[in-house]
Amino acid sequence: MDGPGFDTVIGRGLVEEVSAALPAYGAFVAAEPYEAVAARLVRPPSWSAEASALDRESLDVLAARASSSGVEAVVGIGGGSAVDTAKFVAWRTGLPLWQFPSIASVDAVFTKPAGVRVDGRVRYLGSAIPKVVAVDLDLVLGAPPGLNRAGAGDILSCHTGLADWRRAAAAGDHPQPLEDDLIALAEGWLLALDKQAEVVAEAGEDGVRYLVGALREVGTTCDAAGYSYFEEGSEHYFAYCLEYLTGLHLVHGELVALGILAMSVAQQNDPAGVERLLHRLRLRHVPEDLGIDRATFRSVLEALPEFCADEGFPPSAASALDEAACSRVESWFSWSTRETPGARTPRVSPGAH
């Protein structure tokens, strides 16, 4: 793909073509897509390790293995966990990096730092630039369609991220002054997503090509700016808080989509329009569909202001939630009385973390 950003190729047969030219390498993989792709690797890895835990301690162990194994490169094969693991190891070891994303679900493959969990909290560490991001359509289109639709989450998040940035900056309470060029880019991404909603929902080749291009532009812009306030705000803070409190590991784009709708209610920022677009995208965003019951959802909302303060996040709708706002957000959703499969009680009570 042309333009600024990581060297990215998209097409068919790329697993065979790119892997044939790789030096000896260790692979960090997601199990299911790796099973589907392993036989296609013309040059298989010297060894592979499943990338499931993104805590700092586990990643340090994997980096030590890569350093001592004699491999000449590292490769990520999978979704966000695999590409973040490969980025972290490449950064720690200085080994060159190749990426084979298996889904178009997140912009992580197009950004330099790795999303790492330190004491259960997300930290962005390091800096790694891949030699190539090879988006093999045969691999990506073999994923469940919902995982590819989830890529829209890190684009639609501009809706709430921009609102947080604008409001805090207007109040003189944000660390980064507004930048018109970045705002214009983010608004353009939102307009394009609206136009491409049905294509994304189909989760076919055209949708994947659009999402890869859009996520590459988002990631490139975040790296160049050195921050992501135009794309990351209260909706991501909601997602980080929920993961921290519950220990749940959900599809990033789906959890962010729930955060976008919830925080657009808190912002009074066209939540009905957001919900319509989410339905057009066929992007899962209903709490109970994601395994989040009403009590858990409410406890996350109540914990958000203190969580944001502890994390040092800029002011946002998440940090300003009061009792009335929590109730307004909670009431937006329809709740059943059944027990939600997979729901978990928060591991700490609001205010205790």
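The expected span of a helix is 1.5 Å times one less than its number of residues. The model discussed here is a predicted one.

**Helix α3**

Helix α3 covers residues 56-68. Its 13 residues should span 18 Å at 1.5 Å a residue, and its end C-alpha atoms lie 18 Å apart, which agrees with the expectation.

Which residues of α3 are buried? They are Leu-59, Leu-62, Ala-63 and Ala-66. Around the helix axis these residues cover an arc of only 100°, which puts them on the same side of α3. The other side of α3 carries the exposed residues Glu-57, Val-61 and Ser-68.

The buried residues of α3 pack against several other elements. These partners are the strands β2 (25-29), β3 (47-50), β4 (73-78) and β6 (114-118), together with helix α4. Just after α3 comes Gly-70, whose phi is positive, at about 85°.

**Helix α14**

Helix α14 comprises residues 271-281. Its buried residues are Pro-271, Gly-273, Val-274, Leu-277, Leu-278 and Leu-281. Seen down the axis of α14, these residues fall within an arc of 155°, so they line one face of the helix. Arg-276 and His-279, by contrast, are exposed on the other side of α14. The residue that follows α14 is Arg-282, and its phi is positive, near 55°.

**A pocket lined by α14**

Helix α14 also takes part in the lining of the second largest pocket, to which it gives the most, with 5 residues. The volume of this pocket is about 210 Å³. Its lining includes Gly-273, Val-274, Arg-276, Leu-277 and Arg-280, and also Leu-190, Leu-191 and Asp-194. The elements that give two or more residues to this lining are α9 (180-195) and α14.

**Cavities**

How many cavities of 30 Å³ or more does a search of the whole structure find? The search finds 2.

The largest cavity has a volume of about 100 Å³. It is lined by 15 residues, of which Pro-101, Ile-103, Ala-104, Val-106 and Val-109 are the closest to its centre. Two or more residues of the lining come from each of the elements α4 (80-93) and α11 (205-225).

Among the residues that line it are Gly-161, Asp-164, Trp-165, His-174, Tyr-229 and Glu-232. Pro-314, Pro-315 and Ser-316 also belong to this lining. Helix α8 (residues 158-170) supplies the largest share, 3 residues.

**Classes of lining residues**

| Space | Nonpolar | Polar | Charged |
|---|---|---|---|
| Second largest cavity | 5 nonpolar residues | 4 polar residues | 2 charged residues |
| Second largest pocket | 5 nonpolar residues | 2 polar residues | 4 charged residues |

**Summary**

Helix α14 furthermore gives 5 residues to the lining of the second largest pocket. Helix α4 packs against the buried residues of α3, and α4 also gives two or more residues to the lining of the largest cavity.

Terms used:
Residues are numbered from 1 along each chain as its sequence is written. This is a predicted model: local features need pLDDT of at least 70, side-chain atom pairs count only at pLDDT 80 or more; totals for chains, interfaces and linings use all residues. Side-chain values use heavy atoms; hydrogens and water are left out. Buried means under 20% relative accessible area, exposed over 50%, partly exposed in between (1.4 Å probe, protein chains only). Helices (H or I, at least four residues) and strands (E, at least two) are DSSP runs, numbered from the N terminus. The arc is that of the directions from the helix axis to the C-beta atoms. On a 1 Å grid over the protein atoms alone, a cavity is a set of points where a 1.4 Å probe fits but cannot get out, and a pocket is an open set with protein on both sides within 12 Å along at least five of seven lines; lining residues have an atom within 4 Å of a point. Grid points are joined across faces, edges and corners, and a volume is the space filled by probe spheres set on the points. Ala, Val, Leu, Ile, Met, Phe, Trp, Tyr, Cys and Pro count as nonpolar, Asp, Glu, Lys and Arg as charged, and the others, Gly among them, as polar. Contact means heavy atoms within 4.5 Å.
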